Amino acid sequence: MRDKGWSRVAPIVLLLWLLSLAFTTTASPTLDLAAGQTRARLAPVTTYIADPDGKATAAEMFTRAGRGEFAPLPGGNATFGFVEGAYWFHARLANLNHAESRWLLVLEYALLDEVDLYVRHADGRVDHFNSGDLVPFSKRSVSYRHPNFWLDIESGRPLDLLVRTSSKSSMQVPLTLYTPGAFLEQARDAQLGMGIYYGILLALLFYNLTLSLSLRDRSHFFYSAHVFGFGLVQFCLNGFAFEYLWPDWPWLANAAVPMSMSLAMLAMQLFSRDFLELPRRFRLGNALLLILASFHALLTVASTVLDYRIAVMIGTAMVFPGVAAIIFCAIVVARRKFPPAALFLLAWAMLLGGTIVYAMVSFGVLPKTFATEYGMQIGSAAEMIFLSFALAYRWASLRAENERIAREANERLEQRVEERTRELSEALQQLGEAHARLRENSARDGLTGVFNRRHFDQTFAPLLRQCLADGRPFSVLAADLDHFKRINDEYGHLVGDDCLRAVASTLQQNTPDGALVARFGGEEFIVLMAGADEPAAREAAEVIRQRVAAQLLPVENTALRLTISIGTATAAAGASIDAATLLRRADEALYEAKRSGRNRIVQGSVAA
Ligand SMILES: Nc1nc2c(ncn2[C@@H]2O[C@H](COP(=O)(O)OP(=O)(O)OP(=O)(O)O)[C@@H](O)[C@H]2O)c(=O)[nH]1
């Protein structure tokens, strides 16, 4: 009975087993590595399942994958954005390429925290490997920026792969298989591309840093800080930072991402503020960027203590308003006719495009393709080169503007100096003239206009000394109006004054050039004649006497006639005589002329 019963049930069990096998095969298609094939993306055959509390075991998951509970990747891409818990991925591999049994499985995203690989062989044996940026870099199969695992896939013996990932970063799990040769080729090409990219960034960084120091220019410094921060973000995202900078510090591998991201944004805000001259050109934009910059400064510091997932989510999310604010400011300033703003806008458009694409990939909005993965690098390199030119352009226009201002200021200054110099020299000239007039006036007699007694006293002795020293004779005439008291008494002092003026004028007109006529006092005049010997003195005295005597002064109804007495004294050339003595002799001769009848000339003794 028992045997009979079993024989009835056995075909049904067999059918069910065959059906379940068929169902499993349908749910998890096998990736056949064809003859000659050297690389293969696993996405088309990968199925996945979420493990929200992250507690499932590999055995459970192998079973669930076998039952077809795993789903195909959404849109064929293993990109899920920021998600909680663990994700499991299943793929089945069969190697039809007899020449290659050793393959490298590479998870081409650097920021996953934990990656566990379970390999179930055809004989049911399961191997376990782990990687990710929470595991020291040295544990990797190949020292490469992306987590990777060696797989030995014997031909005709398919493998079941189960990959468990959990991360506080964006969940991206692009799996690719390479033969060792193919891996070497793609790694070499990628390294060359990256080398060029980071080379450009480093050159820009040092070039602009040097400029910022030598020009003492803040814009260049902020720009350098931005290149540094942005380059560091890229270095982290590409997995190089973990590989080369902190391979044994998994904590820093995580924290460095939001930190450098915030630093790049902080520097970007400050640079934009400076470059677009927002404090002067757009005050609202200036305030907006200052607020954003303060926020990023805070986030840069907070990244060291904040939970990584929160920090990186805030940092990534803040890229959008940060970028929008900069574009907004640049557009406003460009519309206000500031030419460098247009260049700036063009440069940023390249980076911003790449940044937005990257952020959208992080949030799972866009699929991960070559263009989305490397477009940011290309865009950012172009942007930074362009921006460097924009900075140079702005610097050149600033310098030209400064030179213009300095030139104009110089011209104004020169003009003012010229005006002041002219005014000063005019004032000096007027002062000199006034001074000369003053000196002249102080040397003149107020009534007659001939030199006064004070001037005579100052001049006589030096004049005589110089003349005798030059070996020339010197004569003095002492002249006094005759009976002047009578004229005063008879016609009054005013008429007397007129007479004094008329005689003074006659004296001046009838003495040889170079003679000095002075009023000695009252109605007495002195004539000094340097170079005149006795005959010349006599002749001059005679001319004066005759002219005075010949002069008719119209007074009231009649005409007045004056006479003058003159005494002369001469110092012959080479004589040794002082001024007082010579004057006394002339005075004595005058006295003699008066005494002997007036209207005559008496020659005093000649000093030899
Ligand atoms: N109007 C006028 N008279 C003056 C001035 N200075 C002196 N006198 C006068 O000149 C006169 C000089 O008179 P005296 O010294 O007696 O000489 P005098 O009358 O000319 O006689 P002799 O010299 O001997 O011929 C006086 O009456 C003075 O008042 C002056 O500035 N203006």
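View 1. Strand β7 (residues 102-107) pairs with β10 in the antiparallel sense over five bridges, two strands being counted as paired if DSSP finds at least two bridges between them. Strands (E, at least two residues) and helices (H or I, at least four residues) are DSSP runs, numbered from the N terminus. The model is a predicted one: local features need pLDDT of at least 70 and side-chain atom pairs count only at pLDDT 80 or more, while totals for chains, interfaces and linings use all residues. Residue numbers start from 1 along each chain as its sequence is written. The open sheet here has four strands in the order β2-β13-β7-β10, with antiparallel pairing. The edges are β2 (39-41) and β10 (148-152); each has a single partner strand, so one side of each is left without a neighbour in the sheet. From one strand to the next, the twist averages 20 degrees; angles run from 0 to 180 degrees between N-to-C directions, and axes are lines fitted to C-alpha atoms, for helices over the stretch in contact.

View 2. The unreviewed UniProt entry assigns "transmembrane region" to residues 196-215, 227-246, 252-272, 284-306, 312-334, 341-366 and 378-396. UniProt positions are given in the numbering used here, feature names are shortened, and annotations may be inferred rather than shown by experiment. In the model, residues 284-306 are 83% helix and 0% strand, with end C-alpha atoms 31 Å apart. Residues 312-334 are 100% helix and 0% strand, and their end C-alpha atoms lie 33 Å apart. The annotation "coiled-coil region", also from the unreviewed UniProt entry, covers residues 403-441. That span is 100% helix and 0% strand, and 55 Å separates its end C-alpha atoms.

View 3. Five strands make an open sheet in the order β15-β16-β14-β19-β20, and the pairing is mixed. At the edges stand β15 (516-521) and β20 (601-607), each with a single partner strand, so one side of each is left without a neighbour in the sheet. The twist from one strand to the next averages 20 degrees. Strand β19 (residues 564-571) runs antiparallel to β14 and is joined to β14 by eight bridges. Aspartate 480 has serine 565 of β19 as its bridge partner. Helix α16 (residues 579-595) packs on the sheet and touches β14, β19 and β20; contact requires C-beta atoms, placed from the backbone, within 7 Å. The direction of α16 makes about 145 degrees with that of β19.

**View 4. The hairpin of β15 and β16.** Strand β16 (residues 524-530) and β15 run antiparallel and are joined by five bridges. Phenylalanine 525 in β16 is the bridge partner of arginine 519. Two residues lie between the strands of this hairpin, in which glycine 522 takes a positive phi near 50 degrees.

**View 5. Residues around the ligand.** The shell has 16 residues, of which Phe484, Lys485, His493, Gly496 and Gly522 come nearest to the ligand; a residue is near a molecule if its C-beta atom, placed from the backbone, lies within 6 Å of it. At least two residues of the shell come from each of β14 (474-481), α13 (484-491) and α14 (493-509). Helix α14 gives the most, with four residues. The shell divides into four nonpolar, five polar and seven charged residues. Nonpolar covers Ala, Val, Leu, Ile, Met, Phe, Trp, Tyr, Cys and Pro, charged covers Asp, Glu, Lys and Arg, and the others, Gly among them, are polar.

**View 6. Contact of helices α14 and α15.** The axes of α14 and α15 (residues 534-550) come within 10 Å and cross at roughly 145 degrees. Val503, Thr506 and Leu507 of α14 make the contact with Ile544, Arg547 and Val548 of α15. By class, the residues of this contact are four nonpolar, one polar and one charged.

Technical notes. Contact = placed C-beta atoms within 7 Å.
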